[in-house]
Amino acid sequence: MSFDAALPVIFMALMGLSMLIYVISDGYDLGVGLLMHRATPEEKDVLIASIGPFWDANETWLVLGVGILLVAFPKAHGLVLTQLYLPVTLMLIGLILRGVAFDFRVKAKSDAKPMWDRLFFAGSMIASLSQGWMLGRYISGFGDGGWNYPVFAAAIALALPAAYALLGAAWLIMKTEGALQEKAVHWARLAWAPVVVGMLLISLATPWISETVRERWFTLPAVIALMVIPVTTAIALVVTRVVLDKAIVRGALCWLPFVLLVAVFCLGFVGLAYSIYPYVVIDRLTIWQAASSPAALKVILVGVCISVPAIAAYTVFSYRVFWGKATELRYG
Amino acid sequence: MDALLLARAQFAANITFHILFPTITIALGWLLMFMRWRWLRTQDGAWLAAYRFWTKVFALSFALGVVSGITMSFQFGTNWPGFMEKAGNIAGPLLGYEVLTAFFLEAGFLGIMLFGHGRVSERVHLMATFFVAFGTTVSAFWILVLNSWMQTPAGHEIVDGVFHVKDWGEVLLNPSFPYRFAHMLLASALTCAFLLAGLSAWQLLRGKAERSAPKVLRVGLTVAAVLIPVQIFVGDLHGLNTLEHQPQKIAAMEGVWNTEKGAPLLLFAWPDGEARKNRFEVAIPKMASFILTHDVDGEIKGLNEFPDAHPPVAPVFWAFRVMVGMGMLMLAVSWVGWFLGRRAGWRPERLPPTLLWVLAGMSFSGWVATVAGWYVTEIGRQPYIVYGLLRTADVAATTVPSPMIALSFALYLTLYIALIFAYVTVLKYMAEKPEDVLQPNAVEAAQAHAAGVLAGEERA
């Protein structure tokens with residue numbers, strides 16, 4: 001493969017990576033938003049404090065992912081976003097609501113605070129549901145004409161918020177202590193079963209909804225090698241459930257459920273990538289058909305090579321500054 | 001309404017809402033650095049109080065800017081899919097660099113800037129503030145490069161209807177970029193200056209923040225008084241540049257239908273697009289030619305020279321008058337205000353209440369001027385999306401049905417109006433809270449305590 005032909009692959013990988021980082025990082029803060037209504041007013045402040053320094057940068061990964069889709073695969077960007085017009089609009093409204101509610105709740109009059117908290121929850125929910133719906137539509141290659149397509153998308157729309165809530169609960173187990181941490185363990189237990197059922201159903205339904213995916217997965221000998229993905233995922237999920245019942249998850253191993261779930265998200269991503277590559281829109285548009293000119297891609301690649309390591313460095317720095325249990329946030 | 005008009009209205013609503021907040025944060029980042037630096041230099045708690053209060057304003061404005069910015073990154077694709085397909089080789093890298101070099105820089109350091117004080121050293125914190133301010137400015141740089149390129153395209157070639165870059169240097173430094181970039185940065189500084197002065201005046205009227213508000217009021221008025229003449233000068237240069245590259249925009253701004261030598265400056269008129277003439281003209285003879293060509297008998301091309309290729313006249317004509325009118329008002333208020341403030345020795349009890357009321361009333365005057373200015377330049381570019389080369393109608397989304405665009409337009413518009421209302425209400429509420437005066441005293445007490453402890457340790 002020549003370098004010019006490899007460029008779209010590099011950008012597809014970058015876009016996938018941005019989306020994965022987005023789903024994990026905004027996933028935990030959306031998840032925390034989904035748990036808001038279960039917390040007392042004092043606990044709500046801790047919930048917010050645990051994600052306060054990060055949510056902004058987390059959402060930037062979405063902009064980068066969509067940005068790469070826009071600049072590297074303009075044809076796909078037009079196709080995907082016009083297909084997903086309404087859910088994209090709803091997701092954006094959800095993200096706007098939660099982003100502003102986050103800031104308004106501490107600055108507005110105290111009697112308006114419950115309203116902003118409710119909007120924070122509502123925004124998180126709208127954004128998660130729409131993202132799930134979009135993922136479902138995307139996996140099916142925007143198939144239409146059958147009852148199975150909307151049902152499939154709706155199932156993912158419900159499963160994704162559950163997965164975010166589980167991830168958010170795991171984040172809180174890591175970032176909080178005492179009674180709130182106890183509650184977070186309880187929330188994680190509640191969310192675990194729907195997530196497992198959802199993942200199981202979706203794994204079974206995806207080959208059924210798309211012939212391309214079916215052929216990819218269920219041919220010998222590939223199927224044996226590929227079994228690593230679902231088996232590892234299953235082990236990670238089971239271990240998560242087991243540690244949630246142990247006392248040590250409240251102490252030294254408080255980070256374990258979060259790390260395991262991040263692994264589950266990564267494995268799901270690898271499975272999805274394997275199902276779709278080399279398409280950018282399954283069965284419709286390959287990455288080479290959709291890509292911008294190699295000249296434009298090279299110009300962006302130079303920027304990527306310089307700035308992505310820098311972004312990684314200061315993101316790590318920021319997480320280190322706010323390492324450990326969440327404490328009250330004060331402007332200063 | 002047809003899909004094109006709806007798509008344009010929806011995009012205009014988003015971009016109008018979005019620009020309000022970067023206009024504040026671009027300059028406020030640097031002004032926050034100034035306040036922080038003053039606090040470190042003088043150890044005067046008033047500067048820390050000012051910094052804390054304005055950091056909250058910054059955080060709120062930044063959040064609104066981020067969420068509306070995310071919306072825009074999607075709308076390039078949902079509303080103008082053809083634009084990226086045709087001009088993606090130029091617009092793509094510019095937008096890509098904006099996200100990579102600016103958006104991440106701001107978002108990455110914002111957490112440390114807002115909440116990191118005490119967790120990192122003063123130096124690292126000041127650096128985080130610097131990176132956030134620098135990031136907002138770099139962001140403006142890339143966006144204005146792209147916008148200017150769409151106004152005065154250069155450095156490209158068109159192969160089979162698709163734009164390809166020939167020379168990045170020419171794309172970056174396209175003819176209108178230096179003027180537009182300077183004009184926007186100054187607009188941000190002025191918007192911010194009037195917001196500083198206005199909110200501080202309101203605090204003084206309400207008897208709040210008596211230590212920090214006079215200092216901030218002085219900063220705001222000084223910045224405004226110094227920069228408005230500069231802005232008028234830059235605006236004039238920008239106008240000459242537009243006359244050279246986009247004569248029909250100037251013709252629409254001045255309401256000139258037929259090519260004229262010694263064109264009059266219209267103070268008031270009702271441009272009638274149907275009849276292709278102005279009604280109710282109030283004019284200063286030869287003044288437009290003098291301002292635009294610096295020659296009383298200079299020629300200004302009329303709109304009729306550009307059949308089917310000039311913008312709608314009335315919105316451009318009116319938006320231009322709103323911008324200039326607001327600019328003149330800001331000039332008068334900032335100069336009179338500065339001299340009155342100086343005469344009063346910047347002591348709050350001696351500042352005339354009328355001045356404070358006027359300043360408070362003009363807190364958001366920068367928004368009006370900035371948005372009006374953007375309307376002049378963007379509506380003035382129509383019917384093209386890339387001036388002279390690509391028409392807006394040819395790149396609009398054709399696959400999205402209009403009811404869907406109408407629905408999303410209504411949703412966005414409702415949300416934006418509610419959020420602007422909430423933003424202004426919360427700023428007012430924050431300004432009236434006494435908290436920010438008490439906090440620095442607490443900090444000073446804590447420092448005294450810390451110093452005492454240290455001294456105690458030394459003794460022991």
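In chain A, residues 24 or more positions apart account for 76% of the contacts with a separation of 6 or more. Two residues are in contact if their C-beta atoms, placed from the backbone, lie within 7 Å. The model is predicted: local features need pLDDT of at least 70, side-chain atom pairs count only at pLDDT 80 or more, and totals for chains, interfaces and linings use all residues. Residues are numbered from 1 along each chain as its sequence is written, while chains are lettered from A and ligands numbered from 1 in the order in which they are written.

Chain A holds 14 helices and two strands. These are DSSP runs, numbered from the N terminus (helices: H or I, at least four residues; strands: E, at least two). The C-alpha trace spans about 55 × 40 × 40 Å along its principal axes. Of the 332 residues of chain A, 50% are buried, with 20 or more other C-beta atoms within 10 Å of their own C-beta atom, all placed from the backbone.

Helix α8 of chain A covers residues 178–209. Its 32 residues reach 45 Å from first C-alpha to last, close to the expected 46 Å. That expected span is 1.5 Å times one less than the number of residues. α8(A) bends by about 30° at A:Ala191, and A:Pro194 follows within four residues. The bend is the angle between axes fitted to the seven residues ending at a residue and the seven starting there. The buried residues of α8(A) include A:Ala191, A:Trp187 and A:Trp192.

The contact between chains takes 55 residues from chain A and 58 residues from chain B. On the chain A side, α5(A) gives the largest share, 14 residues.

How values were computed
Buried ≥ 20, exposed ≤ 12 C-beta atoms within 10 Å, placed from the backbone.
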